[in-house]
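Welcome! Here is a short briefing to read alongside the sequence and the 3D view.

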Amino acid sequence: MSDISTEAVPLPEIMIFPKRLLNADTTEKLLNRIHGLKHVRQINLHGESLPVVVNYGPGKGHKVDHPQRRVIEVKGEKMELRVQVGRIFVEVDDIDNVQEVSDEIERICDEILPFDFYLEVGRYSKFKPTLTDYLRGLR
């Protein structure tokens, strides 16, 4: 029998799922606004990869000059955007704050995104090591 008090409780995440892929400018605006919210612990971006070079096929090795792969600045920190963002996962520090953060994110998305989007609450990324992690020695 496991002891519930010692098990890690996964923190809730809010998934922002826009109906279109976001360009770098929109991503930068959205991240700057969301990063400033209270109770936000972590933000993860998912989307189509924007490689530097073609990895396979007849053009293998040729440089890809995609205009959306560029450096963006989020709260004073510069980072290279390597994906064209399709989903954003915002981890909230406590389940009691989910509704407050969700309402704020919906308001921000209404202001910034000129198209529809979905917001869902759940847990979308792993929160404890998997068997594969143990086999690879990551844990």
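What volume does the largest pocket have? The largest pocket has a volume of about 160 Å³. This is a predicted model, in which local features need pLDDT of at least 70 and side-chain atom pairs count only at pLDDT 80 or more, while totals for chains, interfaces and linings use all residues. Residues are numbered from 1 along each chain as its sequence is written, and side-chain values use heavy atoms, with hydrogens and water left out.

**The chain as a whole**
- The secondary structure comes to 3 helices and 6 strands (DSSP runs numbered from the N terminus: helices are H or I with at least four residues, strands are E with at least two).
- Along the sequence, the pattern reads β-α-β-β-β-β-α-β-α.
- A box of roughly 55 × 45 × 30 Å, taken along the principal axes, is filled by the C-alpha atoms of the chain.

**The largest pocket**
- A pocket is an open set of points on a 1 Å grid over the protein atoms alone, where a 1.4 Å probe fits, with protein on both sides within 12 Å along at least five of seven lines; lining residues have an atom within 4 Å of a point.
- Grid points are joined across faces, edges and corners, and the volume is the space filled by probe spheres set on the points.
- The lining is made of Leu 31, His 35, Ile 43, Leu 45, Val 74, Lys 75, Glu 77 and Met 79.
- At least two lining residues come from each of α1 (24-35), β2 (40-49) and β4 (77-80).
- By type, the lining has 5 nonpolar, 1 polar and 2 charged residues (Ala, Val, Leu, Ile, Met, Phe, Trp, Tyr, Cys and Pro count as nonpolar, Asp, Glu, Lys and Arg as charged, and the others, Gly among them, as polar).

- Strands β1 (residues 13-18) and β5 (residues 83-92) pair over 4 bridges, and Glu 13 has Glu 91 in β5 as its bridge partner.

**The hairpin**
- Strand β3 (residues 71-74) runs antiparallel to β4, joined by 4 bridges.
- Val 71 has Glu 80 in β4 as its bridge partner.
- The β3 and β4 hairpin has 2 residues between the strands, and Lys 75 takes a positive phi near 50° there.

Terms used:
Pairing = 2+ DSSP bridges.
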